[in-house]
Amino acid sequence: MGDGDMLCLVAGASGYIGGRLVPRLLRAGHRVRCVARDPGKLRDVPWRDAVEVVEGDVLDRDSMAAACRDVDVLYYLVHSMSETGFAAKDRRAALCTSQAARESGVGRIVYLGGIHPDDGDLSEHLGSRAEVAEIFLRSGVPTVTLQAAVIIGSGSASFEMLRYLTERLPVMITPSWVRNRVQPIAVRDVLHYLVAVARIPAGVNRAFDIGGPGVLTYAEMMRRYAAVAELPRRIMFPVGVLSPRLSSHWINIVTPVPKSIGGPLIESLVHEAVRGEHDIDDYVAKPEGGLIDYDRAVELALHRIRHAQVETRWSDASPAEAPAEPLPSDPDWAGGSAYADTRVWHSEVPAPSVWRVIESIGGRNGWYSFPLAWAARGWADRLLGGVGLRRGRRDPVRLRTGEALDWWRVEEIDEGRLLRLRAEMKVPGQAWLELGVTPTDSGGALYRQRAVFVPHGLAGHVYWWSIAPFHSLVFGGMGRNVVRTAARVRPTSG
């Protein structure tokens with residue numbers, strides 16, 4: 001078997017790093033198997049036909065043991081992210097996965113964690129990453145843990161947080177943690193190390209720090225971002241209070257990153273994140289041309305954002321607590337109460353023209369209905385700790401199953417026919433939105449729109465009836481405007 005011909009199992013292939021790692025492993029000549037709770041979420045990724053996808057859950061030892069069969073290298077890129085309880089869940093998942101890997105004879109585990117001090121109290125976020133790394137290192141399976149600080153790349157949560165703070169706040173009152181030193185690393189370099197350590201000597205079982213060529217404070221990172229982005233110099237007024245909790249609320253308001261993710265990231269910045277050793281250099285050569293410096297990493301990220309070439313985003317991974325139940329079917333769903341708002345419009349334009357509008361909905365394109373109502377609901381969701389509307393969309397015209405779209409998750413796409421979205425906003429129940437189109441015999445199209453809500457408890461029923469008076473304005477306006485927009489942008493023939 002050649003150096004490149006290994007079977008690599010990727011847990012977390014739907015996430016930010018995993019979605020970029022898979023095609024690079026393929027280019028390196030490896031065979032790739034991806035394990036996912038819902039394999040359908042990988043259906044539309046560009047590399048789907050080149051990999052094997054199996055169903056499994058890192059919290060289920062039996063399913064992971066089956067996924068690990070004949071595997072040479074297991075890449076574990078799974079992290080729970082929530083305001084409470086994620087450490088216990090990550091612990092259980094690491095124990096289940098490590099046991100499955102050992103029993104199945106996996107040759108190596110590769111884990112991506114965070115740089116952290118060896119002593120002192122760690123934030124729950126960093127403490128959990130360190131604990132997971134230790135579980136794998138003691139698993140009996142040779143493990144390499146790569147420990148990185150802030151990852152700079154289009155679509156990363158850390159980069160989006162930095163970008164929006166800098167772009168939206170020309171004047172800032174900054175807490176003391178922005179003066180802590182950080183050694184950021186470009187996402188391309190992280191991927192270089194991840195691919196390379198698959199071939200590290202079999203006896204190596206340890207953690208390695210990885211980082212870019214420069215050490216900066218977070219304040220310097222914001223100032224240099226502004227310079228690269230050609231923004232006016234940012235003015236900062238430092239305060240002596242270390243306030244990560246207050247900062248996480250501010251980030252929840254100013255950036256697309258919700259408090260459930262921004263909070264743990266901010267708490268980690270309380271600690272300085274600088275490489276303590278360079279031992280990885282003894283095993284892995286640097287990328288051709290050397291490691292990418294901070295300014296160049298920002299340039300590359302901004303270029304991809306501006307040209308709609310973002311490969312993956314922080315929001316691609318579904319929340320661990322995301323419900324797995326199917327959309328209630330009409331009319332015989334037996335799961336309890338379900339409310340629906342169904343509307344149908346006839347269009348004289350062909351179905352493909354209507355579909356183009358459907359697939360481009362959301363993000364900067366908007367929702368084709370009362371903008372103030374959508375904005376107000378988005379702000380309310382942010383104040384409740386939800387994702388709000390600011391996640392936007394990865395691509396302005398194309399969608400993939402499983403990716404985030406504002407406060408929705410793309411649950412199903414039947415190309416040219418149906419788009420089904422599952423709500424991830426804070427609501428007392430579960431909600432879906434379906435947008436569909438079918439051609440008519442006359443050459444036009446029938447546009448069908450359905451909003452479904454399954455209430456949880458009395459609060460859910462009260463919620464539905466409290467917003468019911470606005471359905472005509474919001475959902476009625478959406479349908480009419482989708483059809484009108486399709487007619488207006490219909491391509492001319494001849």
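Mentor: Let's start with serine 158, which touches Val150, Ile151, Tyr218 and Leu265, leaving aside residues up to four places away in sequence; touching, or contact, means heavy atoms within 4.5 Å. This is a predicted model, in which local features need pLDDT of at least 70 and side-chain atom pairs count only at pLDDT 80 or more, while totals for chains, interfaces and linings use all residues. Residues are numbered from 1 along each chain as its sequence is written, and side-chain values use heavy atoms, leaving out hydrogens and water.

Serine 158 sits in helix 5 (residues 157–168); helices are DSSP runs of H or I with at least four residues, numbered from the N terminus. Because its relative accessibility is 19%, serine 158 counts as buried (under 20% relative accessible area, with a 1.4 Å probe and protein chains only).

Now follow Tyr218 into helix 7 (residues 218–228), whose axis comes within 10 Å of that of helix 10 (residues 294–306) and crosses it at roughly 55 degrees. Axes here are lines fitted to C-alpha atoms over the stretch in contact, with angles from 0 to 180 degrees between N-to-C directions.

Which residues meet between helix 7 and helix 10? Met221, Met222, Arg224, Tyr225 and Val228 in helix 7 meet Tyr294, Asp295, Val298, Glu299 and Leu302 in helix 10. By class, this contact has 7 nonpolar, no polar and 3 charged residues; Met, Tyr, Val and Leu are among those counted as nonpolar, and Asp, Glu, Lys and Arg count as charged.

Terms used
Helices (H or I, at least four residues) and strands (E, at least two) are DSSP runs, numbered from the N terminus. Buried means under 20% relative accessible area, exposed over 50%, partly exposed in between (1.4 Å probe, protein chains only).
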